Amino acid sequence: MLTFPEGFLWGAATASIQVEGASNEDGKAPSVWDTYCRTSGKIKDGSTPDPGADSYHRLGEDIRVLKELGVKAYRFSIAWPRILPAGSGAVNAKGAAYYQRLIDGLLEHGIEPWVTVYHWDLPQCLEDEGGWRNRALAPTFAEYAATLVRLYGDRVKNWIVFNEIQAFVDQGYGNGWKAPGLELPPKELMQVYHHALLAHGLACKAMRAVNPAIKIGTAEHPMPRMPVIETPENIQAASRAWDRHIGFLFEPMMHGRYPDNLDVYPAIKPGDMEAIKDRLDFMGLNMYTGAYVEATEAPPYYRTIPFPRHHFSAPTQGWLRMLPDAMYWGARFSVEKYGAPAIYFTENGLSTPHDLPPEEDRDDVTRIMFVKAYLAAMHAAIADGCPVKGYFFWSPIDSFEWISGYTCSFGLYRVDWKTMERTPRLSAKWYREVVRRNAIV
Ligand code: NOJ
């Protein structure tokens, strides 16, 4: 039995646009995802974020699911265009009231609300002004983040500013797989990153100015580069690879500088790096996959080892390659490189096809096997002294999975897309037991 430290925080996570539905209700304005789904032709099943899992109308049912799982924390995101339909200015009272009810409902049941400020649903009106290409979005974002702390900061202690900057910048502005679907060249893309980092730093400061007692962190997707054989040379090679692949986000946030081995750098105005740097109370890592590397003699001094075709990956999502050790190396590099004061795994899980025969869907031993291996590696990181304080399962319920639409399931509970009924899979019972015992067997 691998037991976790006392007080370890077991949670579950979702995001607004993936579960809420109601994209055009109670004053909510369109987000870039509403537009992208309707216009890009890139969503696998031609779907849109409506109806999602209809969580906007099923708040009570979602809280019941969390209660049944026994989780102590729920990470969800707030839809910017629901709160500020014009992107800034007046708060939409009905939209704000929804999250108020959610937060109060969670607290009533002893579940800590963890809020993500931005999980990719930028108001379309702000994209029309250039979105993250526009430097002026950074202070606008900071003001939105401060508005949320004004609204909910008395009850929400833990805040995640951005979900996966790399995903919405690289895929939203680099390869066109995510909203708004642009394909910018590397130099311009790096500028978009810089604006997002600036927004992160300004938001941290604006949020703390409203309520200095809150805790602020990230939810990045590091996809760690890991030493294939753990020699000092390979560990050093993995560390170099980390800097190029994800360090270019963490290093500015934590140390106020870009790593020195990048291919392109953004234009930086005086004061930017000081604005970006801020104390992070915790490093949040979404952990699904990564890659093995080994040391080489020539620059960049590492080789990323291609996966053999037969390597296990999620049946519906080839990118989601099973790599449990990512938990260990993600935690270890976060400590060694940035002195992370606390680490939370803010996402982890496995998708399966949504159209399986009912018994096969219910008896999801593959999900249990997959996640259990990741939890064992998380335990190894803790045993090695990394301050891992909590873990959020992605996801309590099935949801709209971006360009995969509704074709794959991450849920511990299946959602029937016709009736919206939530039904526990075997993994739900298993996870409840992990939470109850604070251990894996
Ligand atoms: C990370 C993203 O934050 C989340 O929105 C997504 O559903 C999961 N990865 C699974 O792809």
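My entries below go element by element.

**Ground rules.** I am reading a predicted model, where local features need pLDDT of at least 70, side-chain atom pairs count only at pLDDT 80 or more, and totals for chains, interfaces and linings use all residues. Residues are numbered from 1 along each chain as its sequence is written, and side-chain values use heavy atoms, with hydrogens and water left out. Helices (H or I, at least four residues) and strands (E, at least two) are DSSP runs, numbered from the N terminus.

**Entry 1: strand β3.** I looked up residues 73-77 and found that five of the five are buried (under 20% relative accessible area, with exposed over 50% and partly exposed in between, 1.4 Å probe, protein chains only). Both faces are covered, A73, R75 and S77 on one side, Y74 and F76 on the other. Next I checked its neighbours; strands pair if DSSP finds at least two bridges between them. Strand β2 (residues 9-13) runs parallel to β3, joined by three bridges, and A13 sits opposite R75. With β4 (residues 112-118) the pairing is also parallel, over five bridges, and there Y74 faces P113.

**Entry 2: helix α3.** Which residues of α3 (residues 59-69) are buried? I noted L59, D62, I63, V65, L66 and L69. Just after α3, I found G70 with a positive phi of about 80°.

**Entry 3: a three-strand sheet.** I traced an open, mixed sheet in the order β7-β9-β10. β7 (225-227) and β10 (302-304) are at the edges with a single partner strand each, so one side of each has no neighbour in the sheet. β7 and β9 (residues 291-295) run parallel, joined by three bridges, and R225 has A291 as its bridge partner.

**Entry 4: two helices by that sheet.** α12 lies across β7 and β9, at about 100° to β7 (axes are lines fitted to C-alpha atoms, for helices over the stretch in contact, and angles run from 0 to 180 degrees between N-to-C directions). The axes of α10 (residues 232-255) and α12 (residues 325-338) come within 10 Å and cross at roughly 65°. The residues making this contact include W242 and F250 of α10 and W329 and F333 of α12.

Notes: Contact means heavy atoms within 4.5 Å.
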